[in-house]
Amino acid sequence: MKTAITFLMLVTLISCTDKNNFKQFEELPESHQWEKNATKTFEFGIDDETKTYSISFLFSHIYGFQFNTIPVSFLLENPDGTTETINKAIVIKEKNGKDIGDCVGDVCDLKSILKENTKLQKGNYKITISNNFNGPYLPNVIGIGIQVEKQK
């Protein structure tokens, strides 16, 4: 009986998932170091160009992160072949030192909006993320990702 209920709940969740929403997160190696030359690329598709979307950067780090902001570059490749570079200082902590992300135990998860209420043309996109930290690696990083959400 429990299996049948679980199966029905799973089918319901899958059927309610919007194919124009995308979320992918990649964990970094156990050393928790985001190497300077370790770019990450994510690909997603847009089917409904009449809607607006939000694109966010997902960043997971060890609690007690030593930096208030981190410099990150995003290269967005559009379906028509044009590109857009977004350089952003991702804010990790408030001025008083309090983490902005959701922290549970030793892990903090942060979502930073790159584009909000943006029209995206129909087609396939690619976004490449680069760490612009002034050093060989950015320490205490658990993982990074991208989330694309259709706005209501």
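Predicted model: local features only at pLDDT ≥ 70, side-chain atom pairs only at ≥ 80, totals over all residues.
At 43% relative accessibility, Lys111 counts as partly exposed, where buried means under 20% relative accessible area, exposed over 50% and partly exposed in between (1.4 Å probe, protein chains only). A salt bridge here is a side-chain nitrogen of Lys or Arg within 4 Å of a carboxyl oxygen of Asp or Glu. Lys111 sits in strand β8 and Glu149 in strand β11, 38 residues apart, and the pair links distant parts of the chain. Strands (E, at least two residues) are DSSP runs, numbered from the N terminus. Like Lys111, Glu149 is partly exposed, with a relative accessible area of 24%.

How many salt bridges does a search of the whole structure find? The search turns up three. Another of them joins Glu84 and Lys115, with the closest N and O atoms 3.2 Å apart. This pair, too, links distant parts of the chain: Glu84 is in strand β6 and Lys115 in strand β8, 31 residues apart. Glu84 is partly exposed at 30% relative accessible area, whereas Lys115 is buried at 17%. Then there is the bridge between the side chains of Glu26 and Lys40 (3.6 Å, N to O). Glu26 lies in strand β1 (residues 22-27) and Lys40 in strand β3, so the pair ties together parts that are 14 residues apart in sequence. Glu26 counts as partly exposed at 25% relative accessibility, while Lys40 is buried, with a relative accessible area of 18%.

Now for the inside. In soluble globular proteins, nonpolar side chains tend to be buried together. A nonpolar core is a set of buried Ala, Val, Leu, Ile, Met, Phe, Trp, Tyr and Cys residues joined through side-chain atoms within 4.5 Å. The largest one here has 30 residues, and Trp34, Phe44, Phe57 and Phe59 touch the most other members. Strands that each supply at least two residues of this core include β3 (40-46), β4 (52-62), β5 (69-77) and β9 (123-131). Leaving aside residues up to four places away in sequence, Phe57 touches, among others, Trp34, Val72, Phe74, Leu110 and Lys111; contact means heavy atoms within 4.5 Å.

Aromatic rings get together as well, in seven pairs. Rings of Phe, Tyr and Trp (its six-membered ring) pair if their centres lie within 6.5 Å; planes under 30 degrees apart count as stacked, over 60 as edge-to-face and the rest as tilted. Phe44 and Tyr125 form a stacked pair, 5.2 Å centre to centre with 5 degrees between the planes. The two are 81 residues apart, Phe44 in strand β3 and Tyr125 in strand β9. Phe44 is buried at 4% relative accessibility, and Tyr125 is buried at 3%. Ring pairs also link Phe57, Phe59, Phe65, Phe67, Phe74 and Phe133 into a cluster.

Strands β3 and β9 turn up again in an open sheet of four antiparallel strands, in the order β3-β9-β5-β6. Two strands pair if DSSP finds at least two bridges between them. β3 and β6 stand at the edges with a single partner strand each, so one side of each is left without a neighbour in the sheet. β5 and β6 pair in the antiparallel sense over nine bridges, and the partner of Val72 in β6 is Lys88.

Definitions and conventions
Residues numbered from 1 in each chain as written. Heavy atoms only, no water.
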